[in-house]
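Here is a short briefing on one protein model. Keep the sequence and the 3D view open as you read.

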Amino acid sequence: MENVNILWVDDEIDLLKPHIIFLKGKGYEVGTCNNGAEAIELVQENPYDIVFLDEQMPGLSGIETLAEIKAIYPNLPVVMITKSEEERIMEDAIGSNIADYLIKPVNPNQILLCLKKNLDNKKLISEKNTFDYQQEFRNISMELSGKLDFNNWASIYRKLSGWDIKLGKTEDSGMLDILGMQKNEANQAFGKYIDKNYVSWLNGDAEDKPVMSHTLLKEKVFPLLESEKPLFMIVIDNLRFDQWKVLQPVFEELFRVSNEEVYSSILPTTTMYARNAMFAGLMPAEIKRKYPKLWVDEDAEGSKNQFEAELLEENLKRHGKNVKHSYHKILNLHSARKLVDNMPNLMQNKFNVIVYNFVDMLSHARTEMEVIKELASDEPAYRSITLSWFEHSPLYEMVKFIAEKGARLVLTTDHGSVRVKDPVKVIGDKNTNTNLRYKVGKSLNYNKKEVFEVRNPEDIFLPRINVSSSYIFSYNTDFLAYPNNYNYYVNYYRNTFQHGGISLEEMLIPFIVMNSKQ
């Protein structure tokens, strides 16, 4: 153990000699004094790691001494020790940013636990997480070798996301590498599962058919409209399940989570297809056939999601949901601020949908801007920047308003994203789309073993661009690259976050129902 220097301040310090001998026997260095004024001098002269401070002392009180110490070293942990259980004293101490609060008489093991909690916390958590994942690694590997249905896959992805978050906080790069290999193994197996089951999901003859983009509102959202309370549905574009898990503690300060599920995005896992399908309650080919004026083809000019409000309106009508509702799409800070001001008026509606487009913009900006690449260099950083954005965003203000008014909240997304690493060569003509995770065109050339190939778009309810057009989707962390200018293209896009293809991160996405604590 590295030397840890403790300062123990108590006007009856001689009575604490057994405690001090105990700590020295454990390898700690312990300095002592019996008044606040001397404690302040010692703190200025010596590099202490933690201070134990008696609350009731003659001269400078513990609270006054604490204030002086914090003025000198704001981040030095100070543990307040007191005979009093008076609530006011506890509140003063906690409000002054103490590390812990102990009631006399304290025993040596209490002190030892306090030291480990405040000085070794990160190290102990890191060691425990590493040990626990080593145990779990075998269990997940055994699961992956079995026959899995959709619920099994959702469970595995939840576990992998949880370990990604836990191990992302450690300094054990070796464990992160092992987790990365297991995620890669899982995604390879998941690609085979989708290859085998996706068409049957859409044609209604699969036993484990999950809730998907086009069935989400009908199966999960519309039943919530039976309640008298207003319902807000917030769709954060491109929000992965692990990003939800880091946002969850912020939401849980305001709401109780009553339902947390994983549902499946349709292919392609992009806004154009998945979100239109979500609001229409129909697959893309069905939208084009039933509402041709509300569908914009891949090769057409303009926004591909400009008719979401109209598609939602039609979906509500088809299911007999004659409720007062609103739809708002937030693409910039100005429109977000405007909606914050308009929130009181939305309480008159039974159903309010808010589409918020920050995370998708972040993933695209990360590809194109060096500063964003550095800020969101990997999954832990990507999660961190998402959390920081949310805590300082107008969306958080909207969420707080919804909670204060006692309304209910659904939080979901249209698809996720995956950090791509491995290029797969594809050749297409000038009309082929630019997405890196899927291609649609009439003269695509590729290795069939490297992609999920759909020669007949009608098999997965996607519209044909022309008579001979087909779709291909990349698996796992692959991305589709053209042979011309190949090395530049690969280096530019490798390690960027992309979506449109087949991976756990893109397809298995969160659906959360929350009730206000108000």
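A salt bridge is a side-chain nitrogen of Lys or Arg within 4 Å of a carboxyl oxygen of Asp or Glu. By this rule the structure holds 24 salt bridges. The model is predicted: local features need pLDDT of at least 70, side-chain atom pairs count only at pLDDT 80 or more, and totals for chains, interfaces and linings use all residues. Residues are numbered from 1 along each chain as its sequence is written, and side-chain values use heavy atoms, with hydrogens and water left out.

**Salt bridges**

- Side chains of opposite charge can pair when their charged atoms come close.
- E308 pairs with R275, and their closest N and O atoms are 2.7 Å apart.
- Helices (H or I, at least four residues) and strands (E, at least two) are DSSP runs, numbered from the N terminus.
- E308 is buried, at 1% relative accessibility. R275 is buried too, with a relative accessible area of 3%. Buried means under 20% relative accessible area, exposed over 50%, and partly exposed in between (1.4 Å probe, protein chains only).
- D297 and K288 form another salt bridge, at 3.0 Å from N to O. K288 is partly exposed, at 28% relative accessibility.
- R240 and D242 also meet in a salt bridge, at 2.9 Å from N to O. Both R240 and D242 are buried.
- A network of salt bridges links D164, K183, R240, D242 and R383.

**Helix 10**

- Nine of the eleven residues of helix 10 (residues 241-251) are buried, so the rest of the structure largely encloses this helix.
- Among the buried residues are F241, D242, W244 and F251.

- Three strands form an open sheet in the order 13-16-15, with antiparallel pairing. Two strands pair if DSSP finds at least two bridges between them.
- Strand 13 (438-441) and strand 15 (451-454) stand at the edges with a single partner strand each, so one side of each has no neighbour in the sheet.
- Strand 15 is joined to strand 16 (residues 470-474) by four bridges. In this pair, V454 stands opposite Y471.

**The largest pocket**

- Which residues lie nearest the centre of the largest pocket? They are E298, K304, T434, N435 and Y438, out of 34 lining residues.
- Helix 11, helix 15 (358-368) and strand 13 each give two or more residues to this lining. Helix 15 has the largest share, with four residues.
- The pocket's lining has seven nonpolar, 17 polar and ten charged residues. Ala, Val, Leu, Ile, Met, Phe, Trp, Tyr, Cys and Pro count as nonpolar, Asp, Glu, Lys and Arg as charged, and the others, Gly among them, as polar.
- On a 1 Å grid over the protein atoms alone, a pocket is an open set of points with protein on both sides within 12 Å along at least five of seven lines, while a cavity is a set where a 1.4 Å probe fits but cannot get out; lining residues have an atom within 4 Å of a point.

**The largest cavity**

- The lining of the largest cavity includes D164, K183, R240 and D242.
- Helix 7 (150-168), helix 8 (173-202) and helix 20 (504-507) each supply at least two lining residues. Helix 7 gives the most, with four residues.
- The cavity's lining has three nonpolar, two polar and five charged residues.
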